[in-house]
Amino acid sequence: MASKTVKVGSTVGLHARPASIISDAAAEYDEDIFLNLVGEDEDEETDASSSLMIMALGAEHGDEVTVTSENAEAVEAIAALIEKNLDEA
């Protein structure tokens with residue numbers, strides 16, 4: 001299992017627009033991709049292909065999020081999106 005921890009780059013956190021961009025990208029992969037807000041319950045994994053679940057994380061700008069999947073390429077791609085300021089996309 002591959003994982004990477006990154007900081008949320010979007011200035012207002014993972015709200016509707018960033019969540020939608022991330023979930024659309026995650027849905028392109030066959031493997032499951034999970035997000036976890038660092039400091040929260042480690043057993044509470046969020047499905048990265050669900051924009052509603054991403055918004056429910058409550059991740060704000062600067063919070064750390066861990067991306068996990070069997071697909072290392074998917075982890076890198078989703079982590080890179082989380083690090084970007086998707087409000088400017």
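In helix 1 (residues 16-26), the buried residues are Pro 18, Ala 19, Ile 22, Ser 23, Ala 25 and Ala 26. Buried here means under 20% relative accessible area, exposed means over 50%, and partly exposed lies in between, with a 1.4 Å probe and protein chains only. These residues of helix 1 cover an arc of only 160° around the axis, which puts them on the same side of the helix; the arc is that of the directions from the helix axis to the C-beta atoms. An α-helix has 3.6 residues a turn, so residues three or four places apart point the same way.

The model is predicted: local features need pLDDT of at least 70, side-chain atom pairs count only at pLDDT 80 or more, and totals for chains, interfaces and linings use all residues. Residues are numbered from 1 along each chain as its sequence is written, and side-chain values use heavy atoms, with hydrogens and water left out.

What covers the buried residues of helix 1 includes strand 2, helix 2 (51-56) and helix 3. Helices (H or I, at least four residues) and strands (E, at least two) are DSSP runs, numbered from the N terminus. Pro 18 lies in helix 1 and is buried, with a relative accessible area of 0%. Not counting residues up to four places away in sequence, Pro 18 touches Ser 10, Gly 13, Leu 86 and Asp 87, where contact means heavy atoms within 4.5 Å. Pro 18 and Lys 84 are 66 residues apart in sequence, yet their C-alpha atoms are 9.2 Å apart in space.

The whole chain may now be considered. The protein chain contains three helices and four strands, and along the sequence they follow the pattern β-α-β-β-α-β-α. Buried residues make up 38% of its 89 residues. A compact globule with 89 residues would have a radius of gyration near 12 Å, and the 11 Å of the protein chain agrees with this. That radius is taken over C-alpha atoms, and the globule rule is 2.2 Å times the number of residues to the power 0.38. The C-alpha trace spans about 30 × 25 × 20 Å along its principal axes. Among contacts between residues at least 6 apart in sequence, 76% join residues at least 24 apart.

The four strands form an open sheet in the order 1-4-2-3, with antiparallel pairing. Its edge strands are strand 1 and strand 3, each of which pairs on one side only. Two strands pair if DSSP finds at least two bridges between them. Strands of a sheet pair through backbone hydrogen bonds, either parallel or antiparallel.

Strand 2 is mostly covered, with four of its five residues buried. Strand 2 pairs with strand 4 in the antiparallel sense over five bridges, and Ile 33 stands opposite Ser 69 in strand 4. Two bridges join strand 2 to strand 3, and these two strands run antiparallel; here Phe 34 stands opposite Asp 47 in strand 3.

The loop between strand 2 and strand 3 (46-47) holds Glu 44. At 54% relative accessibility, Glu 44 counts as exposed. Apart from residues up to four places away in sequence, Glu 44 touches Leu 35 and Asn 36. The C-alpha atoms of Glu 44 and Val 6 are separated by 17 Å, the two residues being 38 apart along the chain.

The loop between strand 4 and helix 3 contains Asn 71, which counts as buried at 17% relative accessibility. Asn 71 caps the N-terminal end of helix 3, with a side-chain oxygen 2.9 Å from the backbone nitrogen of Glu 73. Leaving aside neighbours within four places in sequence, Asn 71 is in contact with Tyr 29 and Glu 31.

Helix 3 itself (residues 72-83) has twelve residues and reaches 17 Å from its first C-alpha to its last, close to the 16 Å expected at 1.5 Å a residue. The expected span is 1.5 Å times one less than the number of residues. The buried residues of helix 3 are Ala 74, Val 75, Ile 78, Ala 79, Leu 81 and Ile 82. They cover an arc of only 160° around the axis, which puts them on the same side of helix 3. These buried residues pack against strand 1 (2-7), helix 1, strand 2 (33-37) and strand 4 (64-69).

Terms used:
A polar contact is a pair of N or O atoms within 3.5 Å; within protein, one must be able to donate a hydrogen and the other to accept it, and residues adjacent in sequence count only if both atoms are side-chain atoms.
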